[in-house]
Amino acid sequence: MSESIDELATRLRDARSVVVLTGAGMAAESGIPTFREEQTGLWARYRPEDLATPQAFARNPRLVWQWYAWRREIVRHAEPHAGHLALAALEGRIPSFSVVTQNVDGLHQRAGSRRVVEMHGNIFVDRCFREGDAVVPDDPQGEPPSCPRCGGPVRPGVVWFGESLPEEAVARSNSLLESCDVLLVVGSSGLVWPAAGFPGLARSRGAWVVEINPEPTESSGTAHLALREKAGTALARLAEVLREP
Ligand code: NAD
């Protein structure tokens, strides 16, 4: 495994443009559960796929709002781990270095990454459910609060299953992927589109593709190298190797 890390470090030292695609597994070591893990506590009897949809919110806005209030609390108390910090440090070493994340937790930015594309929004932004605009509710205690402009319900500003992604984020990601030398895919199952297509797109344009995930995924076949390790462990070790002269 150390040879693989060495090879990755060499590729990164030579790279002009690197993209890191992160999924829910990137935040698992910060204590934020992925959707595929069993949920715990009060919410154990719900499946995230049944709550994170516009239909679920239309049916029972209070339930979905409360679930997100609980998730926000988890995120608020979470800290970026060694892997987030390693990615933030890498940004200063490579001419073009970007994180494209499916996570909504803001941990990359808190770790110090500045070039971050949020494909699925951010859990701390609120949006009007009717009009889609970002809003600051004037009755934050409501469950859900109401939109200060139209009085409609306010929803979390994240992309739910079955919804389209923000166009600007998709356009930026595509352009970064088409021109990168190395793509690192960290903690992403390869099941959620369009991110599932990113490894194939980058590889078809000549990028070297690496997967960091303890489990094989749908994208494993597209990767040149797979590190079967947790994100924090692998990225912290990578940072160490890169610090060596
Ligand atoms: P996903 O499809 O990105 O799958 C999670 C992947 O992480 C799996 O392949 C798993 O093997 C891997 N993994 C687990 N622990 C890991 C670790 N320590 N290191 C590296 N990899 C690890 O994510 P999902 O759970 O299906 O979530 C779907 C969508 O839900 C996400 O794309 C996101 O929008 C949202 N979500 C966000 C967060 C967050 O912001 N932290 C958390 C859960 C879900």
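L184 counts as buried, because its relative accessibility is 0% (buried means under 20% relative accessible area, exposed over 50%, partly exposed in between, with a 1.4 Å probe and protein chains only). In this predicted model, local features need pLDDT of at least 70 and side-chain atom pairs count only at pLDDT 80 or more, while totals for chains, interfaces and linings use all residues. Residues are numbered from 1 along each chain as its sequence is written, and side-chain values use heavy atoms, leaving out hydrogens and water.

L184 sits in strand β7 (residues 182–186); helices (H or I, at least four residues) and strands (E, at least two) are DSSP runs, numbered from the N terminus. Leaving aside neighbours within four places in sequence, L184 is in contact (heavy atoms within 4.5 Å) with L8, V19, V20, L21, V210, I212 and L235. W208 is 24 residues away from L184 in sequence, with 8.5 Å between their C-alpha atoms.

Now to the charged side chains. The structure holds 13 salt bridges, each a side-chain nitrogen of Lys or Arg within 4 Å of a carboxyl oxygen of Asp or Glu. Here are some of them:

| Pair | N to O distance |
|---|---|
| R47 and D50 | 3.2 Å |
| E143 and R62 | 3.1 Å |
| R76 and E73 | 2.5 Å |

E143 lies in the loop between β5 (134–135) and β6 (154–158) and R62 in helix α5 (residues 61–77), so this pair ties together parts that are 81 residues apart in sequence. R76 and E73, by contrast, both lie in helix α5, three residues apart, about one turn of the helix. Salt bridges also link E131, D133 and R149 in a network.
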